[in-house]
Amino acid sequence: MASNLPGSVRQLGVALRALLVFTAVLGIVYPLVMTGVAQALFHGNANGSIIKVNGKEVASDLIGQAYTMESGKLDSDGKAIMVADPKWFQTRPSASDYDAKASGGSNLGPNNADLLAAIDEWRKAVAALEGVAPSQVPPDAVTASGSGLDPNISPAYAALQVNRVARERDLSVEQVHKLVKDSTEGRVLGFLGEPRVNVVKLNAAMAALG
Amino acid sequence: MSDTAAGLLQVGLLLACLAAVYRPFGGYLARVYTSDNDLRIERATYKLLGVDSKADQTWAVYARSLIAFSALSVVLLYLLQRLQHWLPLSLGLPNVESGLAFNTAASFVSNTNWQSYVPEAVMGHLVQFAGLAVQNFLSAAVGIVVAIALLRGFSRSTTDRLGNFWVDLTRTVLRVLLPIAVLGTVALVAMGVVQNFSGGHEVTSVVGQTQTLPGGAVASQEVIKELGTNGGGYYNANSAHPFENPNPLSNLFEIFLLLVIPVCLTRTFGLMVKDRRQGYAILGVMATIWSAFVVLATLFEVQGAGSATQAAGAALEGKETRFGEWASALFAVSTTGTSTGAVNSMHDSFTPLGGGTALFHMMLGEVTPGGTGTGLYGMLILAVLAVFVAGLMVGRTPEYLKKKITAREMKLVSLYILTTPTLVLVGSSIAMGLATARASILNTDSPHGFSEVLYAFTSAGNNNGSAFAGISANTPFYNTALGLVMLLGRFVPIVFALALAGSLARQHPVPVTQGTLPTHKALFVTMLVGVVLIVTGLTYFPALTLGPLAEGL
C-alpha cells in the first residue's frame with residue numbers, strides 16, 4: 001500500500017479487500033461445503049424429512065398441514081370455505097393456513113378482542129366436530145402456533161379426536177389408539193420440551209391403511 | 001414427571017452444558033487474543049488485505065478501521081439486495097425496494113437482525129447466504145473485538161496501543177466462529193434442520209392439497225445466527241419454524257449457542273486482567289439477573305393472564321406444541337438478554353407481563369449476558385459506573401482493575417449509557433406522535449399497541465432484533481427510523497467504548513491498597529446488580545407503565 005495515502009482512505013482499501021475475502025470464504029465456500037457435507041451425511045434431514053405414502057411424497061414430517069375439505073359454501077371473495085375433514089386428525093389453527101411459504105403467527109395480544117372471538121369460535125367448532133362439551137376442548141386446539149406450521153398437537157387433543165376418526169373410518173377405537181401411540185413423542189430425554197402427537201405422521205399412517 | 005420438574009431439569013441441563021465449556025472455551029478465547037503467532041492461513045489473509053499483523057493501532061485508528069469496515073458492509077449488503085434479481089440463485093424474486101434494503105443492511109451489519117420483511121417472499125438464496133449470513137459472522141466478530149480492545153485497555157498500561165482491528169477480526173472469524181459453525185451445522189442437520197438449495201419442494205398431502213416446502217442453506221445460517229447473537233430468521237417464523245428448530249433438543253442447542261460466547265467471555269476477561277475472580281463476579285451479576293428473568297417469564301406464561309389467554313385455557317397462542325410455555329419462556333429470556341432476537345414463539349402473544357419481561361430484559365442494555373462482545377463491554381462499563389457510585393458514597397477516588405476512574409472516563413461512560421435510552425425513548429415518542437406511524441400498530445384495542453412501538457425501538461436501539469411482530473414495520477417511516485436507530489445504537493456506543501479503552505490503556509496502574517474497593521466480592525456483585533436494574537429501571541419506568549404494566553396490572 002502507498003503509505004502516503006491518508007489513513008482513512010487506506011483503511012477503506014483494507015476494508016474492501018477484507019469484505020471481499022470474507023464474503024468468499026463465509027458466503028460462498030462455507031455454505032457450499034456445508035451443504036455438500038449435509039447432503040452426504042444426512043440426506044433425508046437436509047432435504048426436509050419428506051415422508052411418502054405408497055411411494056408418493058405427501059408431506060415433511062416437520063411441517064404441519066391442513067386436513068380440510070370444501071364446505072360447499074363460498075366466502076365473500078368467492079373462494080371455497082374450508083372445513084375440517086372428519087376422516088383425518090386435525091392440526092391446530094394456523095395464522096398462515098399451513099402455507100409453508102408464509103410462516104408466522106397471529107401476533108394477536110393476550111387481551112385482543114379479535115383473538116378472544118376467534119378462540120370462542122374455534123372452541124365451538126371443535127366441540128361440535130368431536131361431539132363434546134366446549135369446556136373439554138384443550139388449549140392447543142384453539143390457539144395458533146408461532147410458525148403457523150406446527151405439525152404437533154397435545155396428547156389430550158389427539159385423544160379427543162380418536163372416537164370421531166374411528167367412527168368415520170370404520171376402525172376400532174383400539175386400532176386408532178395404537179396409531180396415535182405410534183405417532184406420540186414424549187419429552188426428549190424425559191424432560192426437554194413437551195409431549196406431543198405428530199399429526200402429519202399419524203395421518204400418513206392412516207392413509208397407508210387405505 | 002411434573003411440568004415443573006421437567007422445566008427445571010431443562011434449565012439445569014443448559015447451565016450444566018455452559019459450565020462444562022466455561023473454562024476451556026474462555027481460556028481458548030484468551031489465548032486467541034493474546035497469542036503472538038499467526039496461523040499460516042491468517043498470514044495469507046493479512047497479505048491479501050495488505051495488513052501488517054504486528055502493527056498495533058491506537059484507539060482512534062482501531063475505531064476508524066471498524067467504522068470503515070462496517071460502512072462498506074452496509075453498502076455491499078444494500079447493493080446485493082438492490083441487484084438480487086439479476087444475480088444467480090434469486091429464485092426469481094425481484095430487487096428489494098430501497099427503504100427495506102437500507103433497513104435490512106443496517107440491521108444485519110449492526111448485529112440487530114430486525115426483519116421488517118417476510119424472508120421466504122423477499123430474499124433469494126444468494127442474499128441470504130452471501131449477504132445476510134456473512135454479516136452474521138462479521139457483525140458478531142466486530143462486537144467481540146471491541147470487548148477484547150476494552151480488556152486490553154484494562155490489562156495494558158502506559159501505552160496508546162490497543163491491538164490491530166484486522167488481526168482481531170480475522171482471528172475471531174477463523175479461530176472461533178467458523179470452526180464452531182462448521183460443527184454446529186452438522187449437529188443441527190443431524191437434528192433435522194434443512195440444508196439445501198431447493199427453490200421449493202412440492203408435495204401433495206393425503207387430502208389432495210398441494211403444499212410447497214421451502215428450501216435453503218438453513219442449518220449453516222441458523223448456527224451462526226445463534227452463535228453470533230444475530231437472530232435473523234431464514235424464514236419469517238424464525239426459530240419457531242420447524243425447519244429452523246425442529247425439536248426440543250435443537251431448541252436447547254440453539255439457546256446454548258446464543259449464550260456460549262457471551263458467558264465464556266467473562267472467563268476470558270478474568271484471564272486477561274490476570275484475576276479470574278473478576279470474571280466470576282461479572283458472570284455472577286449476569287447469571288443473577290438472567291435467572292431472575294427466567295423465573296419471572298416462566299411464572300407469567302404458566303399463569304396465563306390476559307382475557308384471550310384465559311379463554312384459551314393456556315398461553316399457547318404463538319407457541320409451538322413441542323416447546324410449550326417453559327422452553328418458550330427460556331428462549332425468550334435468553335434471546336432478549338443477549339442481542340440475539342431470534343424467537344421460538346411470538347412475543348407479541350405472550351401474556352402482558354411475560355412479554356413485558358422480555359421487553360425489560362432488552363432495556364437493561366443486553367448485558368445479561370449480552371451479545372457477543374457487546375454484553376461484556378456493556379457490563380464492564382456499568383461496573384465502572386458502579387465503582388464510581390461506590391466511590392461517591394465513601395468519598396474516595398474510584399478505581400477499577402487498578403485503573404483510576406477520572407472525569408474523562410466518567411464522561412465516556414455517561415455518554416455510552418445515555419445513547420441507547422435516548423434513541424429508544426425519542427424514537428418511540430416520535431412514532432407515537434405520527435398518525436402514519438401509529439397506523440402500523442396491530443393490537444390497537446389496549447396499551448398493547450404502545451408496547452409494540454416501544455418494543456420495536458427498544459429492540460432496534462439495543463440491537464436485539466426481536467419484535468412484537470404484529471406491528472407492520474415495512475413502511476418508509478419505520479424502515480428509515482429503525483435503520484438509523486440500529487446504526488446509531490450500535491456504533492456510537494462502540495466509539496465511546498473504544499475511547500474509554502484508549503484512555504485506560506494510557507494510565508499507570510494504581511497499587512491496590514486497604515482503601516481499594518474489592519470488585520470480586522458478593523458486595524460488589526450485589527451493588528452492580530442494583531446499578532443495572534436501577535439505572536435502566538428509572539430510565540424506562542415511565543414508558544413501561546404506559547405499556548406492559550398498564551396492560552398487566
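Trainee: Why are H12(B) and H13(B) called roughly parallel to each other?

Mentor: Helix H12 (residues 324–337) and helix H13 (residues 352–363) of chain B cross at roughly 20 degrees. Angles under 35 degrees count as roughly parallel, over 145 as roughly antiparallel, 65 to 115 as roughly perpendicular and the rest as oblique. H12(B) and H13(B) are therefore roughly parallel. Their axes come within 8 Å; axes are lines fitted to C-alpha atoms over the stretch in contact, and angles run from 0 to 180 degrees between N-to-C directions. This is a predicted model: local features need pLDDT of at least 70, side-chain atom pairs count only at pLDDT 80 or more, and totals for chains, interfaces and linings use all residues. Residues are numbered from 1 along each chain as its sequence is written, while chains are lettered from A and ligands numbered from 1 in the order in which they are written.

Trainee: What peptide bond joins B:Thr368 and B:Pro369?

Mentor: A cis one, with omega about 0 degrees. B:Pro369 sits in the loop between H13 and helix H14 (374–394) of chain B.

Trainee: Why does B:Asn111 count as buried?

Mentor: B:Asn111 has 32 other C-beta atoms within 10 Å. The cut-off for buried is 20 or more, for exposed 12 or fewer, with partly exposed in between; C-beta atoms are placed from the backbone. B:Asn111 is therefore buried. Its phi is near 65 degrees, a positive value in a residue other than glycine. The residue lies in the loop between helix H4 (98–109) and helix H5 (119–122) of chain B.

Trainee: What makes B:Asn238 buried?

Mentor: Its count of other C-beta atoms within 10 Å is 32, so B:Asn238 is buried. Its phi is positive, about 60 degrees, although B:Asn238 is not a glycine. Its loop runs between helix H8 (218–227) and helix H9 (248–272) of chain B.

Trainee: How do you know that A:Pro31 is buried?

Mentor: A:Pro31 has 24 other C-beta atoms within 10 Å, so it is buried. A:Pro31 lies in helix H1 (residues 7–41) of chain A. Neighbours within four places in sequence aside, A:Pro31 is in contact with B:Phe129, B:Ala133, B:Ala217 and B:Ser220 (C-beta atoms within 7 Å).

Trainee: How many residues does the contact take from each chain?

Mentor: Chain B gives 101 residues and chain A gives 91. On the chain B side, the largest share, eight residues, comes from helix H3 (residues 59–82). That side divides into 56 nonpolar, 36 polar and nine charged residues.

Trainee: Why is chain A called more spread out than a compact globule?

Mentor: Its radius of gyration is 24 Å, well over the 17 Å that the globule rule gives for 210 residues, so chain A is more spread out (C-alpha atoms; 2.2 Å times the number of residues to the power 0.38). Those C-alpha atoms fill a box of roughly 85 × 45 × 40 Å along the principal axes. Of the 210 residues, 47% count as buried. Chain A has six helices and seven strands (DSSP runs: H or I, at least four residues; E, at least two; numbered from the N terminus).

Technical notes. Contact = placed C-beta atoms within 7 Å. Nonpolar A, V, L, I, M, F, W, Y, C, P; charged D, E, K, R; others polar.
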